[in-house]
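Trainee: I am new to this structure and would like to learn how to read it. May we begin with a pair of facing residues?

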Amino acid sequence: CHRRQNGRRFHDGTTDREIQERYSLLVQVADGGGLTDTTTITVDIQDVNDNPPTFSKASYSMSVDENVDLGTSVLSVTATEKDVTRAIKYTLSGGNGRFIIGASSGKITTANTIDYESVKSYAFQVTAEDDGNPPRRSSVPVTVNVNDVNDNRPVFAQPIYRATIRENQNSGVSVATVSAVDADSTTNAALAYAIVSGNNDSNFRINSNTGLVSTAASLDREKKSSYSLQIRVADGGSPTLTAVASVIVAVEDVNDNPPKFDPYSYP
């Protein structure tokens with residue numbers, strides 16, 4: 001500050017209430033005869049809305065399981081204001097209508113169903129606006145990643161597989177390949193195949209990874225002409241989800257038995 005001869009003071013810089021909100025000035029007056037007097041002037045700096053809200057982070061990221069209940073809390077954002085007692089209101093834009101935010105709390109919750117198989121990640125913006133005149137605002141990006149849960153059963157390509165195999169062949173002959181798919185991901189979609197019934201004589205085996213059914217022994221049509229195998233596929237989720245399909249195997253006859261006379265047919 002500087003003095004003028006008329007007693008008025010003028011300021012040649014800027015003031016920032018957020019740095020210093022009050023100044024105490026010691027003022028002295030002197031006459032031509034050398035007599036002086038002093039007084040103290042207190043200057044309070046009035047606040048103006050010159051600062052936008054500031055978020056606690058430059059960006060926010062969180063994960064949420066698919067199929068959670070509506071109203072499930074995902075995360076909370078926080079913004080602060082340097083100006084005096086400014087109320088902050090939060091709004092959300094984007095996110096395909098799957099999320100809402102508390103206007104005063106900054107709490108983000110689910111507003112609609114979330115399905116990992118449909119959308120794996122959501123990106124939207126949250127804006128914080130103060131109630132100054134004019135209002136000031138700032139925005140921050142938010143990313144919500146959706147976690148897969150085991151909510152889809154495996155599905156076989158067909159419910160029944162049919163195959164024909166000639167009798168008397170060595171073991172290891174391919175019979176049929178069953179296949180299934182699972183709409184889930186990673187471990188939840190890892191499939192394992194097994195024969196669960198119809199293989200009491202252990203004449204067949206299955207590759208648990210590929211679903212290839214093959215013979216484990218030589219088949220004899222004269223002993224058994226067909227087999228009905230039940231194949232189960234199980235995923236790697238918790239809890240495990242399963243599905244079942246059938247493999248019908250017909251054993252084809254070969255001419256491996258010569259004719260024989262019945263000795264009791266003739267006198």
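Mentor: Phe99 stands opposite Thr110 in strand E11. This is a predicted model, in which local features need pLDDT of at least 70 and side-chain atom pairs count only at pLDDT 80 or more, while totals for chains, interfaces and linings use all residues. Residues are numbered from 1 along each chain as its sequence is written, and side-chain values use heavy atoms, with hydrogens and water left out.

Trainee: In what sense do E10 and E11 pair, and over how many bridges?

Mentor: Strands are DSSP runs (E, at least two residues), numbered from the N terminus, and two of them pair if DSSP finds at least two bridges between them. E10 and E11 (residues 107-110) pair in the antiparallel sense over three bridges.

Trainee: What is the order of strands in the open sheet?

Mentor: The three strands follow the order E7-E11-E10, with antiparallel pairing. Strand E7 (73-76) and strand E10 (99-101) are the edge strands, each pairing on one side only.

Trainee: Which side chains meet in a salt bridge?

Mentor: Side chains of opposite charge can pair when their charged atoms come close. The rule asks for a side-chain nitrogen of Lys or Arg within 4 Å of a carboxyl oxygen of Asp or Glu. The count by this rule is one salt bridge: Arg137 and Glu129 meet at 2.7 Å, N to O.

Trainee: Is Asn188 buried or exposed?

Mentor: Buried means under 20% relative accessible area, exposed over 50%, and partly exposed in between (1.4 Å probe, protein chains only). Asn188 has 12%, so this residue is buried. Asn188 is found in the loop between strand E17 (180-181) and strand E18 (191-197).

Technical notes:
Helix = DSSP H or I, 4+ residues; strand = E, 2+ residues; numbered from the N terminus.
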